[in-house]
Amino acid sequence: VGSVRPYLQFARLAFQRRAAYRLANWTGVAVNFFFLVVHAQVLLAFFRSRPGALGWSPYDAVLYFSASEALLMVVGVFTDLRSNLAERVRTGEIVTDLARPITIYCRELAERYGVALYFMLARFTPVYLGALVLYGVAPPLKPELLLFPVALALAVGVSAGLWYLACSSAYFRDTANGELSALVFVNTLLGGMVVPLDFYPDWLRAIADVLPFRATLYTPVALLTGKLGGGALVFGLVHQLFWFAALAAASLAIEARGLRRLAAQGG
Amino acid sequence: MMTAILEPLRLWARLALAAIHAQMQYRTSFAIQNAVMFSVVVSELTPVWILAKYFGSLDGWSFAELALLYGMVGTSWAVVETALRGFENFAAYLLQGDLDRILLRPRSVILQVASRDFDARKLSRVAQAVLVLAIACASLRLGPTSLAWVAFGVTGGMLAFAGIVMGGAAIQFWTLGQASELQNILTYGGAAAMTYPVSIYATWFRRVLTFGVPLAFVNYFPALAALGRTEAAGWPAFVPWLSPLVCALVLALGLAAFARGLRRYESTGS
């Protein structure tokens with residue numbers, strides 16, 4: 001149990017670091033709201049032209065997008081290009097981590113959970129509740145909602161694994177900016193950020209269902225919207241669990257190889 | 001007279017080339033990032049394509065017509081984002097004292113700010129927006145008059161977005177960088193909102209886009225004119241003709257605000 005403590009500290013510090021920039025968070029809320037207002041109206045316009053498509057009312061679509069927009073920062077879909085693992089490798093700051101008896105993957109994972117908790121309180125709550133009030137909608141209160149915390153925790157874990165793997169290129173090439181931007185685009189597209197995967201053409205849906213990206217946004221968002229139940233819900237959670245474990249294993253393997261290969265810069 | 005125009009342009013090109021040279025140091029990363037930048041178009045247009053495929057059209061606009069809107073506003077914004085990049089990061093120059101160094105040099109402040117932090121990868125954003133625009137124009141079989149309207153709108157859009165980034169930078173003189181993310185709403189957010197016809201938005205939002213921050217004049221009105229639909233959309237036929245005037249006005253306001261902030265500027269003392 002003693003070995004868990006440093007990671008709890010990393011999580012706590014990551015939470016506090018984010019909490020120090022209060023104004024930045026409120027500007028972020030404003031930006032989220034702007035995109036919410038734009039896309040909600042676009043979705044309403046599309047869905048009103050054919051109400052009840054696949055059992056989705058226009059307001060289901062708004063509810064889905066509101067949850068997606070509110071969870072973006074919680075799950076960590078967008079990349080922070082200024083301070084991340086790859087940047088620490090490039091500048092040589094990584095040496096402080098190497099001197100510690102820790103696994104870097106576990107540190108990144110712990111920090112992501114710390115950040116996620118902060119954004120749950122500071123970003124998700126105002127954006128999602130604001131959207132519910134603005135559009136006068138509410139998620140259906142189904143028993144499945146009890147599984148939302150599980151799906152969200154797994155989503156953050158999958159996201160941490162994807163980030164780590166993208167950043168780990170820096171062990172071999174000193175920079176990973178290209179991989180990180182690629183991750184953002186694939187994640188928004190195959191994660192179903194704007195349009196629920198249910199409306200994707202079959203071939204694209206099949207690809208999205210296999211790859212890990214839907215575990216970050218689609219599964220928790222569709223669950224919160226009340227559009228994931230029965231077999232689809234079981235599949236979603238198993239899919240998340242599988243990719244969380246697979247990405248963690250891959251991350252740990254690459255870390256072992258990468259650190260042997262890494263020549264830290266700076267000094 | 002010619003040197004007065006050519007000299008600043010040559011200086012801008014030299015500063016930009018120096019930035020490209022610096023960014024080429026990580027060669028593989030540069031290549032991947034360019035490839036990824038190019039795929040932005042895929043991730044931005046795919047949701048529109050999926051919705052248009054499933055629902056047929058958006059308020060009478062087919063996917064090709066929506067792509068025309070996207071290509072027009074995308075081209076204007078990408079060009080401004082590339083050419084005037086420094087205005088987006090202006091808050092940092094104020095806070096870190098870079099502006100003092102800029103002011104010391106005997107060259108135009110606007111030019112120096114514009115070419116600072118030039119990002120070569122943004123050139124591929126310009127390329128992809130132009131590509132979408134070209135494909136949309138070709139598949140809609142636009143005639144010469146319509147193409148002239150498209151060019152008209154894209155040029156006006158560059159003026160308008162230039163005015164917006166300059167105005168956004170000007171605000172930093174007063175807020176000292178605390179609101180630097182808010183101008184993203186007008187630029188990135190504005191460009192995203194204009195991917196769709198203004199007619200689908202609620203009345204208040206439509207008014208903001210037409211009279212407040214008049215982005216409707218960047219692509220919506222010129223596109224209506226290009227498609228011959230101005231009056232069908234409920235606007236008098238002369239409205240698209242106002243585009244260059246409105247866009248030039250936005251640029252004039254942005255320039256004036258920036259000049260005013262600069263006069264007011266007192267160094268942080270670095």
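Modeller: A contact means heavy atoms within 4.5 Å. This is a predicted model, in which local features need pLDDT of at least 70 and side-chain atom pairs count only at pLDDT 80 or more, whereas totals for chains, interfaces and linings use all residues. Residues are numbered from 1 along each chain as its sequence is written, chains are lettered from A and ligands numbered from 1 in the order in which they are written, and side-chain values use heavy atoms, with hydrogens and water left out.

Colleague: Among contacts in chain A between residues at least 6 apart in sequence, what percentage join residues at least 24 apart?

Modeller: Helices (DSSP runs of H or I, at least four residues) and strands (runs of E, at least two) are numbered from the N terminus, and chain A has eleven helices and zero strands. For the contacts of chain A with a sequence separation of at least 6, the part that joins residues at least 24 apart is 79%.

Colleague: What percentage of the 270 residues of chain B count as buried?

Modeller: A residue is buried under 20% relative accessible area, exposed over 50% and partly exposed in between, with a 1.4 Å probe and protein chains only. Chain B comes to 13 helices and zero strands, and its accessible surface (Shrake-Rupley method, 1.4 Å probe, only the protein chains shown counting as cover for residues) is about 12,400 Å². Of its 270 residues, the buried part is 51%.

Colleague: Which residue's side chain meets that of Arg17(A) in a salt bridge?

Modeller: A salt bridge is a side-chain nitrogen of Lys or Arg within 4 Å of a carboxyl oxygen of Asp or Glu, and by this rule the count over all chains comes to 13. For Arg17(A) the N to O distance is 3.5 Å, and the partner is Glu111(A). The pair links helix α1 (residues 5-19) with helix α6 (residues 104-135) of chain A, 94 residues apart.

Colleague: Over the face of which residue does Lys227(A) lie?

Modeller: A charge sits over a ring if NZ of Lys or CZ of Arg is within 6 Å of the ring centre and within 35 degrees of the ring normal. Lys227(A) is partly exposed, with a relative accessible area of 23%. At 5.3 Å from the ring centre, Lys227(A) lies over the face of Trp56(A).

Colleague: What angle lies between the planes of Trp56(A) and Tyr64(A)?

Modeller: Rings of Phe, Tyr and Trp (its six-membered ring) pair if their centres lie within 6.5 Å, counting as stacked when the planes are under 30 degrees apart, as edge-to-face over 60 and as tilted for the rest. Trp56(A) and Tyr64(A) are both buried, and they belong to one aromatic cluster that also includes Tyr54(B) and Phe55(B). The count of aromatic pairs over all chains is 35. Trp56(A) and Tyr64(A) form an edge-to-face pair, with 5.7 Å from centre to centre and an angle of 65°.

Colleague: What relative accessible area does Arg107(A) have?

Modeller: Arg107(A) is placed in helix α6 of chain A. Not counting residues up to four places away in sequence, Arg107(A) touches Tyr7(A), Phe10(A), Arg88(A), Asp97(A), Arg100(A) and Ile102(A). Arg107(A) is buried, its relative accessible area being 10%.
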